Amino acid sequence: MLQHTLEMRHVTKRFPGVLALDDVSLELKSGEILAICGENGAGKSTLMKVLSGSYTSHEYEGEIWFDGEKIEHMNVAKAREIGIEMVYQETNVFLYGSIMENLFVGNLPGKGSLVDFKELKERTAQILEEIGLGDISPTSVCRPLSSGQLQLLSIARSRVKEPNVMVFDEPTTALTDTEVEHLFALIRKLQQEGVAIIYISHKLEEIFELADRVMVIRDGKKVSEYKVSETNRNTLIEDMIGRSMTDMYPHDPSPMTDEVVLSVRHLTVPNPTATDLNIVEDISFDLHKGEILGLGGLIGAGRSESLGAIYGQYTQGVTKEVYINGEKVDIKTPDDAIKAGIGFVTEERKRNGFVWLLPIYQNISLISLRTMLPGKYMIDFDAEKKQAKTMFDRLKIKAPTMNTLAGTLSGGNQQKVVLGKWLVNNPKILFVDEPTKGIDVGTKAEFYKILRELTQQGISIVMVSSDMPELVNMSDRILVLSSGKIQGELTGEHRTQREVMELAIR
Amino acid sequence: MKKEKKNSLLRTLIVRNELSAIVPLIIILIIVAIGNPNFYRLKNILDIIRTASFSFYIAAPLTFLLTASGMDLSIGSILSFGGVLYAKLIVGGVPVVPSILICLIAGGIIGFMNGLVIVKYNQPAFIATLGTQYIISGAVLVWTGGISVSGLTAASKVIGQYYIGGVVPIPIVYAIIIGIICYIVLAKTKWGRSLAAIGGNQETAYLAGIPVVRRRILVYTIVGIAASFTGVVWAARFSNGLPGAGDAVNMKNMAAVIIGGTSPAGGSGTVIGTAFGCILLAAISNFLVFLGIPATAQQLIFGAILIAAIFIDRYRRQILSKG
């Protein structure tokens, strides 16, 4: 096995007015897994763009060395030549192409311009076996695969190119637990084959399970580097946020009361992907004033779909009875839900949380403009900006001004804009779906504090979360969904990760 | 350091939406000034603005449509239809005002049908409106036999031929009124803002309680009314209902909107930019005539400008997304 060494020396990258990377160096050898962690906006992505050649040599200061040789004029083609492969969060797969074609696109086996389909099929079957998708035929179309399966597929596709260095950027975001296991097995296999691996992740558990070394970046600087065996979770968190953090979760007493604000009865939601199947079958639950009601369960248990169905996002095939403060309300559209005092921070903020091209303040007033702000037809810009400013300050949104386009913000700040959009509308009930997904630790803690404050103001929250510590620490009560039913309710000391998991796999 | 400053000037030029039309407009005006001072005669300038006005009647509401991420390739046929219908009604003895109203309603119904097919039944706007274009122009040809409808009464021509104070052609006045209304609606009203939200991210807009379906259908309807209105004024101005009046209009109007800085991908639009886009295209036509370049070559130049505008939009988005 050939030993390779990759080095990045003293890399500094400037954007107008910002130092995105400040003298960062790293070294990586074949068969090693280096984890890189840091808050959103710490500079991880920029560093990887330098490594992948997306920024060419003259766009930054510093050098990249491979096997003891300095790479001159680094660019995307050079990076390929060295064998650097990036696996991005987004999967780019030809949905209507077959799996085998997707895997080997640009690399199809065969002589001349003819494709050797037999070999193609065999090699694909072998790869599918390795990534735990052995029961899927190489010739089937990609379209019906889950996003997790697609993610595994695109990783396998990078591997076909036999890279020397592979970079994984938050690869588990869309994966289920089983898929994560397959992914880890695959990464370990790559490691044994001598691939040097960079693994970027927010999830510290993954880093401890997988990596040999871990490097923390903050504000564009390399803060620390440890052998994974010689550090611990708290140290890493402290390094990431730059202050010591005893506990992320607020300890204020819960203002939960017995008063029922929302009753959902006989909720049935059809499965979005499989016809004739219901993802949730006849469930009922109550939400009390001032509580955070956690909805636990595995991905695909129908939690998001349930919230969407109550809110009027999905209507086809949905049956439900919704009572607010004991009165029956008929919610056919999101507008009905908003009028009934419900807000909904959805899971996919990029897809349906904010409008990319509108400035922050206009995103914040997206709902309140119709419902609350003065003027029947005309926009009162002063009132609008004043209202948005209050929220901008309260949520401490980090942006140059309120006129900054929402699309240019980091994930955490985008999420704050989404939350702000609902809060200015004074909801009585707030649905939050994976509220801190893809958000750095520091901002997470801010969110937890805000959610707790909201309940103290009398707002009642339903929270869907796959982040177990978040679910058990933030929820006053937890309902666990599995197989289309509520499998149990956990309160008090029973709110533990183990008990949630036991119900979730029923 | 110096280089950076230069860049930032170019960037501001590009990022400010309207400027992608204003800058080339100024350049052209300067070039022409050197080449042919006759270009600057008041009459010629009014001619240019009048031509631009005819585009602008449709292009202004088309700005709404593109902002809401829609498109309409049937406006040309609705224009022809509106003009022919107006001429037929007048010739048939219907008084002017009811004739105009009937034409506007008919245009609105066609636009509404477009909207219904596209929004309610979720068909691609490109195909649906292309189909409408063929249906309506086909119907107009069958109806007229391809011959223009003449014999308009003097009273019916006033709406296209009157000069205010003997100088300013009345079509320009319509354009100013339409421009002011559309500018206010898009930039200053809640309704206009909702179009930007719909075009920017339809799902977000829907979850924010905005009646997306209703809004989008209404915008198609407005565009239909505007196209028919253009046909009516056109027929009045040229004293006949010409079945091919709107033939070259589709692309030209879309081009005017996009050149004006409204993103073809939706989410942001500017009526002022569209006005300049219309004037720019009209000025180029006029300029080419002055240079003695045949009108047939105009399409070539419009096409090139449109492609350039798309690239500018793409570049603008890249800059904006980098922040």
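Helix H4 of chain B passes helix H11 of chain B in a right-handed crossing, the near helix being turned clockwise from the far one by less than a right angle. The model is predicted; local features need pLDDT of at least 70, side-chain atom pairs count only at pLDDT 80 or more, and totals for chains, interfaces and linings use all residues. Residues are numbered from 1 along each chain as its sequence is written, while chains are lettered from A and ligands numbered from 1 in the order in which they are written.

H4(B) spans residues 75-91 and H11(B) residues 212-238. Their axes lie 7 Å apart, at an angle of about 50°. Axes are lines fitted to C-alpha atoms, for helices over the stretch in contact, and angles run from 0 to 180 degrees between N-to-C directions. Helices (H or I, at least four residues) and strands (E, at least two) are DSSP runs, numbered from the N terminus. Among the residues that meet are B:Phe81, B:Gly82 and B:Tyr86 in H4(B), and B:Ala227, B:Gly231 and B:Trp234 in H11(B). Contact requires C-beta atoms, placed from the backbone, within 7 Å. The residues of this contact divide into twelve nonpolar, seven polar and no charged. Nonpolar covers Ala, Val, Leu, Ile, Met, Phe, Trp, Tyr, Cys and Pro; charged covers Asp, Glu, Lys and Arg; the others, Gly among them, are polar.

Chain A holds an open sheet of six strands, ordered S6-S7-S8-S3-S9-S10, with mixed pairing. Strands pair if DSSP finds at least two bridges between them. The edge strands are S6 (84-87) and S10 (221-227). Strands S3 (33-37) and S8 (196-200) of chain A run parallel, joined by four bridges. A:Ile33 has A:Ile197 as its bridge partner. Helix H8 (233-241) of chain A lies across S3, S9 and S10, at about 25° to S9(A).

Another open sheet of six strands in chain A has the order S16-S17-S18-S13-S19-S20, again mixed. S16 (342-345) and S20 (485-491) form its edges. The twist averages 20° from one strand to the next. Five bridges link the parallel strands S17 (429-433) and S18 (460-464) of chain A. A:Phe431 stands opposite A:Val462. Helix H18 (497-504) of chain A packs on this sheet, touching S13, S19 and S20.

Between the chains, 21 residues of chain B contact 26 residues of chain A. H9(B) gives the largest share of the chain B side, six residues. That side comprises eight nonpolar, nine polar and four charged residues.

Terms used: Contact = placed C-beta atoms within 7 Å.
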